[in-house]
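Okay, thanks everyone. Let me put the structure up, and then we'll go through its salt bridges one at a time.

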Amino acid sequence: TYQPAMGNAFTPLAILEKPTDEEKHPDGLYLRLFLSRDDCPVEPDHGDTVTIDGVVYTVCEVLIDTAKGVRLLLRA
């Protein structure tokens, strides 16, 4: 579930990339989430939250490509 800072939560169709050892940092666990901007009623932004399997992650980086894709770096 994606919860923007302003607006209603929504459930986008997304691809989750599980963390590797390089992404396990002392200050948190990082994941990458890929989704289409067409599935987002609002633009993803820093500080939004994503809940995956009961764990709440904070969006710490948003990368938008020209093909309407979005890659989010999430931190638990």
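So, let's start with Lys 68, which forms a salt bridge with Asp 38, with 3.7 Å between the closest N and O atoms. This pair links distant parts of the chain, 30 residues apart. Lys 68 sits in the loop between strand S6 (55-64) and strand S7 (69-75), while Asp 38 is in the loop between S4 and strand S5 (49-52). On accessibility, Lys 68 is partly exposed at 46%, and Asp 38 is exposed at 59%. Asp 38 gets the label exposed because its 59% is over the 50% cut-off.

Keep in mind that this is a predicted model.

How many salt bridges turn up in a search of the whole structure? Three. So let's do the other two.

Next up is Arg 32 with Glu 17, where the closest N and O atoms are 2.3 Å apart.

Arg 37 is partly exposed, with a relative accessible area of 30%, and Glu 43 is partly exposed at 44%.

The general idea behind these pairs is that side chains of opposite charge can pair when their charged atoms come close.

Conventions
Residues are numbered from 1 along each chain as its sequence is written. This is a predicted model: local features need pLDDT of at least 70, side-chain atom pairs count only at pLDDT 80 or more; totals for chains, interfaces and linings use all residues. Side-chain values use heavy atoms; hydrogens and water are left out. A salt bridge is a side-chain nitrogen of Lys or Arg within 4 Å of a carboxyl oxygen of Asp or Glu. Buried means under 20% relative accessible area, exposed over 50%, partly exposed in between (1.4 Å probe, protein chains only). Helices (H or I, at least four residues) and strands (E, at least two) are DSSP runs, numbered from the N terminus.
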